[in-house]
Amino acid sequence: MAAIVDVRKQIGDEATALATEAGVVPLTGHAIVGTKGGKALSGAVVQAFDADTGRLSGEARPIDCDSLAVSGGWQPVIHLASQAGGKPVWDAEKQAFLPPEPTQRWIGAGAFLGETGSAEALASGRNAGLK
């Protein structure tokens, strides 16, 4: 593994530990801004990124690699809540955007509310069904 690039300023302790175990120092506060190669990937280009302002800064730098994996994280699928007029709310502990309080007649449950464990998600669904 050549690098772990994350736009967040800080990542959780568990993620940092896993990266360290893999022998990689995470590049937090950075974004992938380009790739190198022709028919095959030969590198990625990263640059400092401020997620609060959405701005890049500093010099872009290359990282040699032959593959690129991208993750959106464990983001609950909250699109319908957003379409109902709600603005997603950042939960720093869960490192995810969660749906806002309902502005229309709907009830959320499970992973939609950030419950990632099976037992918690099922309990959340049961509780929502009882409302």
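Which residues make a nonpolar surface patch of about 280 Å²? Ile 32, Leu 68 and Val 70 make this patch. The model is predicted, so local features need pLDDT of at least 70 and side-chain atom pairs count only at pLDDT 80 or more, while totals for chains, interfaces and linings use all residues. Residues are numbered from 1 along each chain as its sequence is written, and side-chain values use heavy atoms, with hydrogens and water left out.

**Surface patch**

- Patches are made of residues with over 30% relative accessible area and no salt bridge; like charges are joined within 9 Å, and nonpolar side chains (Val, Leu, Ile, Met, Phe, Trp, Tyr) within 5 Å.
- Val 70, one of the patch residues, lies in the loop between β5 (55-64) and α2 (79-83).
- Val 70 counts as exposed because its relative accessibility is 73%; exposed means over 50% relative accessible area, buried under 20%, and partly exposed in between (1.4 Å probe, protein chains only).
- Helices (H or I, at least four residues) and strands (E, at least two) are DSSP runs, numbered from the N terminus.

**Salt bridges**

- The whole structure holds 2 salt bridges, each being a side-chain nitrogen of Lys or Arg within 4 Å of a carboxyl oxygen of Asp or Glu.
- One joins the side chains of Arg 8 and Asp 6, at 2.6 Å from N to O.
- Arg 8 is partly exposed at 26% relative accessible area, whereas Asp 6 is buried at 16%.
- Asp 52 forms a salt bridge with Lys 9, and their closest N and O atoms are 2.7 Å apart.
- Asp 52 lies in the loop between β4 (41-50) and β5, and Lys 9 in the loop between β1 (5-6) and α1, so the pair ties together parts that are 43 residues apart in sequence.
- Asp 52 and Lys 9 are both exposed.

- Most residues other than glycine have a negative phi.
- Gln 95 has a positive phi, near 55 degrees, and is found in the loop between β6 (89-91) and β7 (96-98).
- Gln 95 is partly exposed, with a relative accessible area of 23%.
- Thr 16 is found in helix α1 (residues 13-21) and counts as partly exposed at 31% relative accessibility.
- Thr 16 and Pro 26 are 10 residues apart in sequence, and their C-alpha atoms are 7.1 Å apart in space.

Methods. Areas by Shrake-Rupley, 256 points an atom, 1.4 Å probe, with all protein chains shown as cover.
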